[in-house]
Amino acid sequence: MRIFLHSILFILCGLHLSAQDNKKIQLIRADVIEYDAGMVKAQRLLGRVIFEHQGSRMYCDSAYLYEESNRFESFGNVRITDKKDLTIRGKRLDYDADERKAEIFEEITLRDGEMTLTTDYIEYQLDDRMASYFGGGKIVSSANRNVLTSSMGHYFADSKIMHFKDTVELRNPQYTMYTDTLHYHSLSEQAYFLGPTIIDSDENRIYCENGWYDTVNDKARFGENAHIWSNEQQLLGDSLYYDRNAGYGEAFGDVLIIDTLNQLQISGQYGKHLEEQDMSFVTDGALMEQFFEADTLLLHADTLQMTADTLEKRKITAFYGVQIFKTDLQGVCDSLVYTEADSLIRMYEQPFLWSEENQISGERIDLKTYEGTIESMYTENMAFIISQVDSIHYNQIKGRTLTGYFKENELDRVVIEGNGECIYYAVEEVPEEDASDSTYVPKQRIIGVNVGACSSMVIGIEDRTISRVKFITKPDNAFYPLDKISQEALILKDFTWNGDQRPLDRSALIQ
C-alpha cells in the first residue's frame, strides 16, 4: 500500500510540475517522495532522483526540493548533463533555478569530449554554460596528454575556452609550462599566456611575459622580455617565434644571443636560430662582443652568423661593412670569418687593420689569435704596412706576402717575401725649453728617408716605429735628404691611407 501511495504521489507531482511555467524545476522521477510541512516546506526525495530544468537534467541519490524558492539540494552520485556534450559529477549539488546556478561539491569531474576537469568545488552557470572553480583544479586532455593545474579557472562550454589564474602549470610529455594567467582553447589546443611564463623542456628553457603556444603543432610566439636558453646559448628579443618540431626560432627587436661557453654575445634587431644545424645569425646592426680577461673585442657588421663544426667549435662569419675594435687593434673589411678550431680571423675584400700606428692592408688578412691576444698576421697580394710620420709623410712596407709577428699585442717584426719595397724616415727629436714640463711631448723632425727594394726583407719595429731593416737578397737601398728626392718618389705604387675609416671607440661601431 505504501509503495502504491508513493507511486501515485510521484505521478501526481510530475503532472503538476509539467503544467507549471518552465522556469520551475521539474521533478522527473524519484523512488520515494516525502513532504516536510514544517518551516522548511520541502519535499524529501529518495532513490534515483531526476530533475529537469530548461533542457538540463540533474541526477542524485536523494534531495530536498524547495518549491517556494525554486531550488533544491541533492546528495550522493550527483550528476548534471547539459546539451548532451557536458557532464558534471560530484557528491553534492545545490541548484538555484531562478539564477540558473549550480554549485557542486567534493570529488568533482567535469567531462566535455576529450577534456576532463577534476576539483572539489564548481560553480556552474547554466545560461552561460560557464564552470568556475576557486580552490585548485586539474584538467587532463586525452588527445595530447596535456595536464593543466591552477588555483582557479573558468571553463566556457560553448566556445571550449578555459581561463586559468594563479600558479598555472601545463604539463606535456615534451615540456612543462608555468605561468600566472593562461587562456586555453580545448578544440585548437592553443594556450595564450598573459603574464610571466616559463616553459621547460629537455632542449631548452623559455621565458616571456605574454604570447601563445600551439600545443598540437608545437609552434609558439613569445612577447615582452622573451628569452630562450639552449645548451650554452641564450636568445633574447622583444618577441620570439619558435617551432619546436623544426627546431627553428626567430627573434625580433633588441635581439641578443649570449654564448656563455665562448664568452661572447651578439646583438641586433633581427635574429634566427636553427637547433639542428646549431646555427644562429643576427642582422640589422649586428654587434659581437668577445670578452677576455683584460679587454673586449667588438665586431660590427650588417649580419653576423654563428655555427659549430663537428667538434662543437664555433665559426663566426660577418657580412657587409665589417668593423673591429679592440683597445690595441682595429679593422675594417667587407666580410670576415673567425674559426675557433684554429683561432684564425680571416678578413676579406679591402681589409684594413690598425695596430698602434701601423695600418696593414692587402687582398686578404689572416690573424692568428690566442686567448684574446694576436700572435701573428699574414697578408698577400699588394700587402702593405703604413704608419703616418706627419701630415704628408708615411713609412711604407710593401711586398707580395707579408707576415707580421706580435709581442704583447704590439707588432714586433715583419717578414716580406717577393717584390719587397720599403720607405721609412729617419727622425730626430727637437729640443724645447719647456721639456721639463710633465706634459711635455718631444717633437720630431725628419732628417732623411730610406728607400729600399729587395725580394725578401725583415723589418724590426721598436717603440711602434721601424728600427731596422734587414735585406735578404739583392738589396737596392739608399738614404736621401728630403730635399734630394721628389714627393712622388716617396709614395709606393697602390699606396692607400685609410685612417679616416679607423674605428676609434665603441660608439664609432654602432652609430
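**Rings, charges and cavities**

Biologist: Which residues do ring pairs link into a cluster?

Modeller: This is a predicted model, with local features needing pLDDT of at least 70 and side-chain atom pairs 80 or more, while totals for chains, interfaces and linings use all residues. Numbering runs from 1 along each chain as its sequence is written, and side-chain values use heavy atoms, without hydrogens or water. Rings of Phe, Tyr and Trp (its six-membered ring) pair if their centres lie within 6.5 Å; planes under 30 degrees apart are stacked, over 60 edge-to-face, the rest tilted. Ring pairs join these into a cluster: Y175, F193, Y213 and F222.

Biologist: How many residues apart are Y175 and Y213?

Modeller: The rule gives 15 aromatic pairs. Y175 with Y213 is a tilted one, 4.9 Å centre to centre with 35° between the planes. Strands are DSSP runs (E, at least two residues), numbered from the N terminus. Y175 is in strand β14 (residues 175-185) and Y213 in strand β18 (residues 210-214), so the pair links distant parts of the chain, 38 residues apart.

Biologist: Is Y213 buried or exposed?

Modeller: Buried means under 20% relative accessible area and exposed over 50%, with a 1.4 Å probe and protein chains only. Y213 has 0% relative accessibility, so it counts as buried.

Biologist: Which residue's charged end sits over the ring of Y59?

Modeller: The test wants NZ of Lys or CZ of Arg within 6 Å of the ring centre and within 35 degrees of the ring normal. R92 lies over the face of F105, 3.9 Å from the ring centre. For Y59, the charged end sits 3.9 Å from the ring centre and belongs to R79.

Biologist: What volume does the largest cavity have?

Modeller: A cavity is a set of points on a 1 Å grid where a 1.4 Å probe fits but cannot get out. Points join across faces, edges and corners, and volume is the space filled by probe spheres set on them. Four cavities reach 30 Å³ or more. The largest has about 100 Å³.

Biologist: Which strand gives the largest share of the lining of the largest cavity?

Modeller: Lining residues have an atom within 4 Å of a point; among them are Y242, H273 and E275. β19 (219-230), β20 (233-243) and β21 (248-259) each supply at least two. The largest share, four residues, comes from β20.

Terms used:
1 Å grid on protein atoms, 1.4 Å probe; cavity = no way out; pocket = protein on both sides within 12 Å on 5 of 7 lines; lining within 4 Å.
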